[in-house]
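The sequence and the structure come first.

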Amino acid sequence: MQFQCDTTSRTPIYRQLIDQARTAVARGQLRPGDRLPSVRQLSRELVVNPNTVARAYTELEREGVLVTQQGRGAFVAEPQQDLTKKARRKQLLEKLDELFVEAVHLGFSADELLAMVQDRIKQFAFTATGGNGP
Amino acid sequence: MTDVICTTRLTKHYGTNRVVNCLDLRVKQGQVYGFLGRNGAGKSTTIKMLLGMVRPDSGSAALLGESVDSLRPQTRERIAYIAEGHPLYNWMTVGEAIRFTCSFYTQWNGTLVEQILDHFELSPRQKLRRLSNGQRAQVSLALAVAPEPELLILDDPTLGLDTVVRRDFLESLIQIIHRKGRTILFSSHILGDVERVADRIGVMVGGVLRVDCPTDHFRESVKKLVLDFPGPAPEEVECKGLVNQWTRGSQLELVLVGYDEEQRSAVESLEPRSIQVIDLNLEEAFIEYTRGRKRSLPLFAQEESHDSSVGDQGAA
């Protein structure tokens, strides 16, 4: 994947990097075990302060998206869930309801929405088992 | 961490105009400090006082732990300065400028200079007079970094450079940042560049350092609020951290610093129909902040420990 940074955006640079990595993992462009560029490498490539990149990596590590191995670099982590299935379900349903609100106001029928979901689903890397967790 | 730059109540008048007013500026080792402000805010005068080129009326300044009035040559060698507009001796060639500058230093990384010249395809035989603005910037950067300085002070180094040369210059700056422990203070008007390279910013307004905090902290703290009222919007609002306000018919726009619960309830007590909170990018935040009413501008200097908790709350 290719990281980018846009200084005209209202999203801070470290946040942009986090969002891009999360999206790339969700779309399967980054798979567990894939190596990410080092902080220095990415800092040079994007022409941003290494501390900004390091901040994004630290946050991604905290979220469990990547793991850093001392001396070897940063790798995409195996998916692992800290929250219970119930809690995660609740979070997702909230987002889903937001989507439904938009869909209704944009004048789509339920069938049209379902068809769109079916079509887009192929672009993302879902876990087959439904995600293991506590 | 030690303070590489430290000024205490540094003050300078030009005539009756106080251009720098009781400035307490501290830059720690390893920091990349973006020194910002509108034209005439006192940035260049401050930088000139740091380098001993302008004598302060009162107060003091120290670089690398030594007073700038009595900087030993050994210490001066560890400091690089790039002046605004990249002044060079125009009658020299690139090679002559290198030999001339080199003679002032005991430590000189000739390989680094060659690398930079090669990278930018500059020949030592070229006359400085014939160089473009971009090439002059590259030569002065090469001369500045050759003694491997611990502290770099750059006065608007990308002024007048085209987009491509500016990017090249920033790339070189990032390379320098990668060498551990280097401290950089640079002034600039291009906020996108500042956001890329600076981890801390200071904003001078009318000779006073009004902002001194991590870069992200500033942009995340300045918010624009759009309030919509059922009838005509109120004309004058008082609120903590208020920088600017406009009334347009039924809408009231507020620019606030450090938006928090207290401000939220103050704004809600005006009973607007809706409140929209708008995030700003660094440039927008800077513009909204610096064009506010100078005298009442809230000071703004919070510390790093505060910063991480603010930034992380945005996590999805």
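## The largest cavity

In this predicted model, the largest cavity holds about 40 Å³ of space, and the structure has one cavity of 30 Å³ or more. Its lining is made up of B:Pro157, B:Thr158, B:Phe169, B:Leu170, B:Leu173, B:Phe186, B:Ser187, B:Ser188 and B:Asp193.

Sorted by class, the lining of the largest cavity comprises five nonpolar, three polar and one charged residues.

## The second largest pocket

The second largest pocket contains about 810 Å³ of space, and 27 residues line this pocket, with B:Tyr81, B:Pro87, B:Thr101, B:Tyr105 and B:Leu143 lying nearest its centre. The lining of the second largest pocket has 22 nonpolar residues, alongside three polar and two charged ones.

Several elements of chain B take part in this lining: α2 (73-76), β7 (79-82), α3 (94-102) and α5 (133-145) each supply at least two residues. Of the elements, β7(B) gives the most to the lining of the second largest pocket, with four residues.

## The interface of chain A and chain B

Contact between the two chains involves 24 residues of chain A and 28 residues of chain B, and the area buried between chain A and chain B is about 2,200 Å², with carbon and sulfur atoms giving 43% of that area. Between chain A and chain B there are two salt bridges; one of them joins A:Arg55 to B:Asp216, where the closest N and O atoms are 3.0 Å apart. Across the same interface, 14 residue pairs are found in polar contact, counting pairs in which both residues are at pLDDT 80 or more.

On the side of chain A that touches chain B, the helices α1 (13-26), α2 (39-46) and α3 (50-62) of chain A each supply at least two residues. The element that gives the most to this side of chain A is α3(A), with five residues. By class, the residues on the side of chain A that touches chain B are eight nonpolar, seven polar and nine charged.

Notes. Residues numbered from 1 in each chain as written. Chains lettered and ligands numbered in written order. Predicted model: local features only at pLDDT ≥ 70, side-chain atom pairs only at ≥ 80, totals over all residues. Heavy atoms only, no water. Contact = heavy atoms within 4.5 Å. Buried area = accessible area lost by both parts, 1.4 Å probe. Salt bridge = Lys/Arg side-chain N within 4 Å of Asp/Glu carboxyl O. Polar contact = N/O pair within 3.5 Å; in protein donor to acceptor, adjacent residues only side chain to side chain. Nonpolar A, V, L, I, M, F, W, Y, C, P; charged D, E, K, R; others polar. 1 Å grid on protein atoms, 1.4 Å probe; cavity = no way out; pocket = protein on both sides within 12 Å on 5 of 7 lines; lining within 4 Å. Points joined across faces, edges and corners; volume = space filled by probe spheres on them.
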